[in-house]
Amino acid sequence: MALERLIYASRSIELLKPEQLDAILKVSVTNNARVGVTGALMYSSREFLQCLEGSREAINQTYARILRDPRHSDLVILDYREADRRWFASWGMHHVPPLWSSRQVLLRYSEREAFMPSKMSAAMATALLSDLAADLSASAGAAIAAPEIPRPLGGLTRSYGAAAQRA
Ligand code: FAD
């Protein structure tokens with residue numbers, strides 16, 4: 001069965017409180033685990049950028065539910081293609097730390113300083129998510145290779161404290 005990846009952007013109908021975002025992530029992790037979907041969700045300034053990866057059937061059924069969700073609107077598919085491997089294999093739905101939507105990071109992937117994924121090109125949204133996945137994988141590798149050594153501040157994920165994960 002082919003592995004596929006869908007990347008879309010949308011706009012929240014309101015500024016989300018951390019517990020509202022948590023509720024979305026919680027149901028996503030539960031539902032996605034059931035059908036073998038993995039991915040990542042970025043949220044900042046009322047904008048969502050989400051990556052879903054899994055079988056065609058699972059991706060389409062999951063996206064169809066997401067599309068009907070009244071908590072967001074203006075959904076736009078940025079990219080949908082066959083994938084050779086999962087980027088977020090360990091994550092039913094990874095909540096991307098807000099550092100990834102900081103001005104400094106966004107300027108690498110967009111001509112805009114603000115997080116406006118619906119205006120990003122498919123190539124740039126893909127590059128951002130691919131770099132995020134590589135950073136997560138490097139962090140996991142560092143943790144496995146040297147668990148007793150404090151991890152250096154370097155990669156974007158590593159330098160972001162758990163206490164600040166909710167923006
Ligand atoms: P329930 O959670 O019981 O929801 C039943 C219905 O009520 C659904 O139509 C739901 O959309 C709606 N609903 C639930 N909570 C609220 C609320 N607070 N306000 C208004 N309506 C509400 N789901 C996944 O399975 N996987 C994902 O990766 C995923 N990503 C998401 C990303 C975003 C940006 C958003 C906004 C939602 C996402 N969801 C995801 C949730 C998805 O849209 C559905 O709500 C969910 O899949 C339905 O889960 P459920 O069948 O357990 O029903």
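Ser-45 counts as exposed, at 52% relative accessibility; here buried means under 20% relative accessible area, exposed over 50%, and partly exposed in between, with a 1.4 Å probe and protein chains only. The model is predicted, so local features need pLDDT of at least 70 and side-chain atom pairs count only at pLDDT 80 or more, while totals for chains, interfaces and linings use all residues. Residues are numbered from 1 along each chain as its sequence is written, and side-chain values use heavy atoms, with hydrogens and water left out.

Let's stay with Ser-45 for a moment. Ser-45 is found in the loop between β2 (38-44) and β3; helices (H or I, at least four residues) and strands (E, at least two) are DSSP runs, numbered from the N terminus. Although Ser-45 is not a glycine, its phi is positive, at about 50°. Most residues other than glycine have a negative phi. Asp-74 is another non-glycine residue with a positive phi, of about 55°. Asp-74 sits in strand β4 (residues 72-82) and counts as exposed at 56% relative accessibility.

Leu-16 belongs to the loop between β1 (3-12) and α1, and with a relative accessible area of 12% Leu-16 is buried. Strand β1 itself holds Glu-4, which is buried with a relative accessible area of 3%. The Glu-4 side chain makes a polar contact of 3.2 Å with the side chain of Arg-56. Such a contact is a pair of N or O atoms within 3.5 Å; within protein, one must be able to donate a hydrogen and the other to accept it, and residues adjacent in sequence count only if both atoms are side-chain atoms.

Next comes helix α1. α1 has 18 residues and reaches 26 Å from its first C-alpha to its last, close to the 26 Å expected at 1.5 Å a residue (the expected span is 1.5 Å times one less than the number of residues). Its buried residues are Leu-21, Ile-24, Leu-25, Ser-28, Asn-31 and Asn-32. They lie on the same side of α1 because they cover an arc of only 145° around the axis, taken from the directions from the helix axis to the C-beta atoms. An α-helix has 3.6 residues a turn, so residues three or four places apart point the same way. On the other side of α1, Glu-19, Lys-26, Ala-33 and Arg-34 are exposed.

Of the 17 residues around the ligand, Ser-28, Asn-32, Gln-50, Arg-65 and Asp-69 come nearest; a residue is near a molecule or strand if one of its heavy atoms lies within 4 Å of it. Ser-28 has a polar side-chain atom 3.3 Å from a nitrogen atom of the ligand. For Asn-31, a polar side-chain atom lies 3.1 Å from a ligand oxygen atom. An N or O atom in the side chain of Arg-71 is likewise 3.1 Å from an oxygen atom of the ligand. Taken alone the ligand exposes 920 Å², and the protein buries 64% of that; accessible areas come from the Shrake-Rupley method with a 1.4 Å probe, and for residues only the protein chains shown count as cover.

Which elements give two or more residues to the shell around the ligand? They are α1 (18-35), β3 (47-55) and α2 (56-67), and α1 gives the most, with five residues.
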